Amino acid sequence: MKNIYLETIKSVKKITKKLYLTEKLNFNHTFEITSLLLFCIFFGSKTSSEFNKNDINNNQVLMDYFIRDIDHSLRLSGIGDMSIGKYVKTYVKRFYFRVSELENFFSNKEDFDNNKFEEYLNKYNIVFNNSEINHNDNLINDLKNLIKRSQNLKKNQNLYKNLFN
């Protein structure tokens, strides 16, 4: 699971380089992208026909890495030990709120509304706003592919291969 989390972080870096060419990158940008990618993995494994207790454990391990990463990043930004727990808790709550929003988009594949999803991307500043070409459709397709690949997480060693390029 550690390798999957590290690949997730590499993909986050790849995406943020494209998304935020003209802006100064901050913790909230990377948090939103990481949340989106982890959601895809969790949602994909949950919707797998072979979903089992081991998948729940794997998802929990990924979530544990994410929480440790949030903690570490906040410490690096200068937040003191006395209040770090409060900030981590806030970000974990944000993550679970995002999950509930994202499930609405991805639960019904036939009714996926690209426009509403783009509103979601705008709301949390996850958009390709630095290009004349609409890369948001590519992002949406890559997210859908990540969900499909996550349905076979045990068998899929190349979860992020050729995604988010």
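Helix α5 is followed by N125, a residue whose phi is positive, near 60 degrees. The structure is a predicted model, in which local features need pLDDT of at least 70 and side-chain atom pairs count only at pLDDT 80 or more, while totals for chains, interfaces and linings use all residues. Residues are numbered from 1 along each chain as its sequence is written, and side-chain values use heavy atoms, with hydrogens and water left out.

N125 is found in the loop between α5 and α6. At 26% relative accessibility, N125 counts as partly exposed (buried means under 20% relative accessible area, exposed over 50%, and partly exposed in between, with a 1.4 Å probe and protein chains only). N125 and H29 are separated by 96 residues in sequence, yet their C-alpha atoms are 7.3 Å apart in space.

The chain contains six helices and zero strands, where helices (H or I, at least four residues) and strands (E, at least two) are DSSP runs numbered from the N terminus. The order of elements from the N terminus on is accordingly written α-α-α-α-α-α. Of the 165 residues in the chain, 42% are buried. Among contacts (heavy atoms within 4.5 Å) between residues at least 6 apart in sequence, 62% join residues at least 24 apart.

Helix α5 comprises residues 114-123, and F117, E118, Y120 and L121 are buried in this helix. Seen down the axis of α5, these buried residues fall within an arc of 150 degrees, so they line one face of the helix; the arc is that of the directions from the helix axis to the C-beta atoms. The face of α5 turned away from the buried side carries the exposed residues N115 and K123. At the N-terminal end, α5 is capped by D113, a side-chain oxygen of which lies 3.0 Å from the backbone nitrogen of N115. A polar contact is a pair of N or O atoms within 3.5 Å; within protein, one must be able to donate a hydrogen and the other to accept it, and residues adjacent in sequence count only if both atoms are side-chain atoms.

L121, which lies in α5, has 0% relative accessibility and therefore counts as buried. L121 and E32 are 89 residues apart in sequence, and the C-alpha to C-alpha separation in space is 9.4 Å.

Helix packing was described by axes, which are lines fitted to C-alpha atoms, for helices over the stretch in contact, with angles running from 0 to 180 degrees between N-to-C directions. Helix α4 (residues 81-106) packs with α5 at an angle of about 160 degrees, the axes being 10 Å apart. α4 is therefore roughly antiparallel to α5; angles under 35 degrees count as roughly parallel, over 145 as roughly antiparallel, 65 to 115 as roughly perpendicular and the rest as oblique. The crossing of α4 and α5 is left-handed, a crossing being left-handed if the near helix is turned anticlockwise from the far one by less than a right angle, and right-handed if clockwise. The contact is made by R98, E101, L102, F105 and F106 of α4 and by K116, F117, Y120 and K123 of α5. Of these α5 residues, F117 and Y120 are buried, whereas K123 is exposed.

Helix α3 (residues 53-76) packs with α4 at an angle of about 135 degrees, with axes 10 Å apart, which makes α3 oblique to α4. α3 passes α4 in a right-handed crossing. In this pair, M63, F66, I67, I70, D71, L74 and R75 of α3 meet D81, I84, Y87, V88, Y91, V92, F95 and Y96 of α4.

The axes of helix α1 (residues 2-19) and helix α2 (residues 27-46) come within 9 Å and cross at roughly 130 degrees, which makes α1 oblique to α2. The passage of α1 by α2 is a right-handed crossing. The contact involves I4, Y5, T8, I9, S11, V12, I15, T16 and L19 of α1, together with T30, I33, T34, L37, L38 and I41 of α2.

N162 is placed in the segment after α6 (136-150), and its phi is near 60 degrees, a positive value in a residue other than glycine. N162 counts as exposed, at 61% relative accessibility. F164 is likewise placed in the segment after α6, with a positive phi near 60 degrees in a residue other than glycine. F164 is buried, with a relative accessible area of 3%.
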